[in-house]
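Subject: Structure for you to look at

Hello,

Here is the structure I said I would pass on. Please open it first, then read the notes below it.

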Amino acid sequence: MNAPNRFDALPHFATAMKAIESLKPTEPLYLVQPDKFAGAAKQFLDGFPGDVLYAVKANPHPIAITNLWNAGIRHFDTASLGEIEAVKSLFPGAICHFMAPVRLPGQAKAAFEKHGVTDFVVDSAAELDKLLSETGKPAKLRVFVRLVAQLGGALLEMSSKYGCRPEEAAKLLKRVRVAGAAPCLTFHVGSQCLSPFSYAQAIEIAQRTIALSGVEIAALDIGGGFPAAYSGQEPPPYHWYFDMIKEALNTLGPAKLNIMCEPGRALCAPGISLVTQVVMRRGDRLYMNDGIYGSFDEQRFISFDEDYPPTGITLDTRGKAKLLSGEKLPFRAYGPTCDSADVLPRPVLLPDSIANGDYVLFGAMGAYTVSSRSPFNGYYPDSWAVIG
Ligand SMILES: *Cc1c(COP(=O)(O)O)cnc(C)c1O
């Protein structure tokens, strides 16, 4: 049961319970749900008023990219040459956009010349100059100036590292126009953004920047940040976001403006669940076979208030998978490595009857899990099955 890149070679089960019953997995097991990838993609393709770019860093695994391609996603927000090559090697017809504002030397040139990438982001004059000199054909480029959009609606901010304020962005837009490339704007309101209003506020900042610059822009990319529904947390529905965005865009002017978004988490989180096994229970401590250095790396950075209520599952004496029932207690969940820091930062709520060898099913584990696994201490979750 090794990680085949070929999706159709994976074992297939009707449900997570059947997969657990049949495989009795002793390694962490990723369960891929193609219908959930399709459902997430459809919400964006049907509801968002523009091009939908999948932000590859959320999950660059061929299984995620293939599922989203099958669901109709054709545009990809790629932040490195490696991501561009990963997408293009699977789907040569994919349209890649290089949306990282600081690129390694030579990467813009290779993206432009070898992969036909014409959309690039900048947030400084130095990076703009580098981009122009590496590509040499400004008339073919759309250059997106990245704005700061630190609006407080997101659980993970994305504006302290990249982006510039409207005054500086306005100057950059003018430089882009003078250079002969198509000036565009972009921002990222932060990941797992629970406030639809943040997008409207950021669009207002974009509008202010356009007014300051006097430059007509060709495209506005409103970034990612759309939340996934994690257990214990129910974000607002996407149509609230789309309605808010459409309303804000109405005030922006030119109707021929190309609108884009870059959801990562929202497109790939729902499509993968994770089965972990309890290797040992000690009181209110659970030692699991996956942790912070495996699929739970993001837990170090994201500040949920809620505890997780995942599903506890046991195999009965006849080997049938059953949901554990009974009163739920908060457990400390440790990962398998010897590092004391390898513990989930928030308690996991599970039935008190949970015991050694039982399983814990975590839903919505497709985003920032597979992408940030490390082989630290000899553990590397990489078993896969398909359900549905
Ligand atoms: C990470 C990232 C995304 C995706 O963000 P999500 O919160 O996963 O939707 C989109 N755009 C850029 C520029 C990013 O860095």
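Gln-192 counts as buried because its relative accessibility is 0%; buried means under 20% relative accessible area, exposed over 50% and partly exposed in between, with a 1.4 Å probe and protein chains only. Gln-192 belongs to strand 10, residues 191-193 (strands, E, of at least two residues, are DSSP runs numbered from the N terminus). Its phi is near 50 degrees, a positive value in a residue other than glycine.

Before the rest, some notes on the source. The model is predicted, so local features need pLDDT of at least 70 and side-chain atom pairs count only at pLDDT 80 or more, while totals for chains, interfaces and linings use all residues. Residues are numbered from 1 along each chain as its sequence is written, and side-chain values use heavy atoms, with hydrogens and water left out.

Tyr-368 also has a positive phi, about 55 degrees, although it is not a glycine. Most residues other than glycine have a negative phi. Tyr-368 lies in the loop between strand 19 (359-362) and strand 20 (383-387). With 15% relative accessibility, Tyr-368 counts as buried.

A polar side-chain atom of Asp-77 is 3.1 Å from a ligand nitrogen atom, and one of His-188 is 3.0 Å from a ligand oxygen atom. For Gly-225, a polar backbone atom lies 2.8 Å from an oxygen atom of the ligand. Taken alone, the ligand exposes 390 Å², and the protein buries 92% of that (areas come from the Shrake-Rupley method with a 1.4 Å probe).

Last, Tyr-293. This residue is in the loop between strand 14 (285-288) and strand 15 (311-315). Is Tyr-293 buried or exposed? Tyr-293 counts as buried, because its relative accessibility is 18%. Tyr-293 and Glu-262 are 31 residues apart along the chain, and their C-alpha atoms are separated by 26 Å.

Regards

Note on methods: Polar contact = N/O pair within 3.5 Å; in protein donor to acceptor, adjacent residues only side chain to side chain. Helix = DSSP H or I, 4+ residues; strand = E, 2+ residues; numbered from the N terminus.
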